[in-house]
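Biologist: I have the two chains open on my screen and would like to go through them with you. Can we start with what you mean by a contact?

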Amino acid sequence: MSEENRALLTGKHFLSGDLACAEGALAAGCRFFAGYPITPATEIAERMARRLPQIGATYIQMEDEIASIAAVIGASYAGLKAMTATSGPGFSLMQENIGLAVMTETPCVVVDVMRGGPSTGQPTMASQQDVMQAKWGSHGDYEIIALTPSSVQEAFDLTIEAFNYAETYRVPVMIMMDAIVGHMWEKVIIPSADNIRLIDRKKPSVPLNEYMPFKPEQNLVPPMAIFGEGYRFHATGLTHEEDGRPRTESIRVQRKLVQRLCDKIRKNSDKIVQTKEIMMENAEIAVVAYGIESRAALSAVRKARAEGIKAGLLRLVTLWPFPEKNVAEIAKNVRAIVVPEMNYGQLVREIERAAKATTVRFLPKLGEEPHRPEEILEAIKGGNL
Amino acid sequence: MQTEIAHPFDVYLRETGMHNIWCPGCGNGILLNSFVTALKELDFDLDKIVVVSGIGCIGRIAGYINADSFHTTHGRPIPFATGVKLANPELKVVVISGDGDLFAIGGNHFIHAARRNVDIKVICANNFNYGMTGGQQGPTTPLNVSTVTTPYGNIEHPFNLIHLAAGSGAVYVARWTTLHVRRLTESIKKALQKEGFSFIEVIAQCPEIYGKSAKMGNAIDFMNWFKKASEVQNFSDPAKAEITPERIPVGEFVDTEKPTFEKLLREKIVQVENKTRGGT
């Protein structure tokens, strides 16, 4: 078998979310993985440790998560598609270098299989407690992209998309997967190479000595040279000019750079944001949910419809940039929005903001279990009053 | 009539108007000079070298060298460099950073990269303090010395970096002061040509910050101290290489061979690929 064929296991499989995520990375062309063992994300590292050498690629277990993300940034600058995977405590350790990846516009993918926090919390138990950290965990103003799968198939599909977004926008992309999806086993169909769309970072088209590593094109994203090609460029976590020179004292450069880093995501958000509307036509009550909660929500919506209640589901696939327009749009047409989350109130803040005057009924849940459909159904009915 | 003559080092330094942030008398310039001289004497291909630095005064060196370069977060140049090297083993990857960056906040990365024997070169400018933030005590500050955060004298024992590097598994370990320019340059050349994790400690004067708080005097006073206290002790016991006011053991301490991480990884990949091809 060729390297390509060994990387892409086209066919039907029975996999967990973690394993599907690893296979999605390989299908996307990921050829470098650096990580550190942590429950419930370890299976991703284990799969990569077994699979990457089979296709001539590199797996390394680093000394901690700080080193893991640093190595991923280095590998990306040396030209490889690179990924790391972790859970809450490791995600916390990675935050500073996620900021470095943002500042140096490094394409990379970071998977966070969410367990119960804060601190060591409940390592083997699921949560959706890191969804705000994905956006705000590092210091300074910035934007990233975060996707959240609700099935094992989607763990595979979205990992490919995560690499595509990372390469398109030169930004770290997070996969925020609750540990239930991470550990759940389901059927996965891995398509043939012809049916997978892959995007690679845009290369510079200027002569070697004219290249400016942070000079954007129309879409606000700069083409990316890699080390060893002769461009001899400099990148730094300091505020910098388009040519890479540090400018720690210029107000103008700080504004221009930080605005662009945010705007390249904000102004392209229509191209990035994905949501799924289910039974939303003529809905009077909407459930907005993501990850495993969206599956309980779907069951609740079906039960409600069976009872004659006009309920629908807006499932968020993209968490960041927040699907503001999509939520605002449905908020105009429904009387109430029900938001079940496996945390004590995180993404609901964004939903409330987008929903404006529309009533938002929040259902928190702490500790492993997602909501039971009946609980969501009850809230749907409550919203009907 | 005016004629412009190119400096022989011009090609090695970036021309993008990066201003020099180092104080008058600072030892970092000597280190840069030595590094660039080593590249020139080896006729090194600048397109095939990546210079990585961390945070601190010496951290700016990556920006000054006319090669691909990356200025990481504080303490993280070694894992970044590890990623670069493993992603493209054809590149020569050099980390140049400070004692605080490499041995306080980044200490864990240093020992593990040395243990794995990743083929990267680490050059540490040791100035005994955190210069950029104004002269705080660090992991190499000698006992009893006054700094802005040890106003009553330092009560922490400093690292003997030579012993640490040797004990962690580095295949090449050397220490020179900025007075030993020719020997430092030779060591850099040797490290660049050697396979495996190589470490060079450069004792660099910091007259403006450390020199004042520790009452060490100006750059010339530092040089006189280096001259008086340095003892060339090639391949002597790294455990006995600690620096005291009276004695700075310098020289090459380790020069050995051990398979690199990359070599073992490639061998493993060939085995696994053959097995995978033959099997399923």
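Modeller: Two residues are in contact if their C-beta atoms, placed from the backbone, lie within 7 Å. Keep in mind that this is a predicted model.

Biologist: Fine. Leaving aside neighbours within four places in sequence, what is A:V111 in contact with?

Modeller: A:V111 is in contact with A:C21, A:A41, A:I44, A:M83, A:A85, A:I175 and A:M177, once neighbours within four places in sequence are left aside. A:V111 also belongs to the largest nonpolar core.

Biologist: Which members of that core touch the most others?

Modeller: A:F32, A:V109, A:V111, A:I145, A:V287, A:I337 and B:V84 do, out of 215 residues in the core. The largest share comes from helix α7 (residues 152-169) of chain A, with 10 residues. In soluble globular proteins, nonpolar side chains tend to be buried together.

Biologist: Where does the core lie relative to the domains of chain A?

Modeller: Domain 1 (3-195) and domain 2 (275-384) of chain A both contribute residues, so the core lies between them.

Biologist: How many residues of the two domains are in contact?

Modeller: 21 residues of domain 1 are in contact with 21 residues of domain 2 in chain A. On the domain 1 side, β6 (122-126), α6 (131-136), β7 (145-147), β8 (172-178) and α8 (179-183) each supply at least two residues. α6(A) gives the most, with 4 residues. By class, that side has 12 nonpolar, 6 polar and 3 charged residues. The centres of the two domains, taken over C-alpha atoms, are 27 Å apart.

Biologist: Now the chain A to chain B contact. How many residues does it take from each?

Modeller: It takes 40 residues from chain A and 40 residues from chain B. On the chain A side, β2 (30-35), α3 (42-54), β3 (58-61), α4 (65-77), α5 (88-103) and β10 (234-236) each supply at least two residues. The largest share of that side is 9 residues, from α4(A). By class, the chain A side has 22 nonpolar, 11 polar and 7 charged residues.

Biologist: Which strand of chain B does β10(A) pair with?

Modeller: β10(A) pairs with strand β2 (residues 68-71) of chain B, in the parallel sense and over 3 bridges. A:A235 stands opposite B:F70 there.

Biologist: On to chain B itself. How many helices and strands has it got?

Modeller: Chain B has 10 helices and 8 strands. Its radius of gyration is 19 Å, close to the 19 Å that the globule rule gives for 280 residues, so chain B is as compact as a globular protein of that length. The C-alpha trace spans about 70 × 60 × 35 Å along its principal axes. Of the 280 residues, 54% count as buried.

Biologist: Is strand β3 of chain B buried or exposed?

Modeller: Buried: 7 of the 7 residues of β3 (residues 92-98) are, so the strand is largely enclosed by the rest of the structure. In a regular strand the side chains alternate between the two faces of the sheet. Here B:K92, B:V94, B:I96 and B:G98 are buried on one side, and B:V93, B:V95 and B:S97 are buried on the other.

Biologist: What does β3(B) run parallel to?

Modeller: Strand β1 (residues 49-53) of chain B is joined to β3(B) by 4 bridges and runs parallel to it; B:I49 has B:K92 as its bridge partner. Strand β4 (residues 120-126) of chain B is also parallel to β3(B), with 6 bridges, and B:V95 is partnered by B:V122.

Biologist: Is B:K215 buried or exposed?

Modeller: B:K215 counts as exposed, with 10 C-beta neighbours inside 10 Å. Its phi is also positive, near 55°, and B:K215 is in the loop between α8 (210-213) and α9 (219-229) of chain B.

Definitions and conventions: Residues numbered from 1 in each chain as written. Chains lettered and ligands numbered in written order. Predicted model: local features only at pLDDT ≥ 70, side-chain atom pairs only at ≥ 80, totals over all residues. Nonpolar A, V, L, I, M, F, W, Y, C, P; charged D, E, K, R; others polar. Pairing = 2+ DSSP bridges. Rg over C-alpha atoms; globule rule 2.2 N^0.38 Å. Buried ≥ 20, exposed ≤ 12 C-beta atoms within 10 Å, placed from the backbone. Core = buried A, V, L, I, M, F, W, Y, C linked by C-beta atoms within 7 Å. Domains from an automatic or database assignment.
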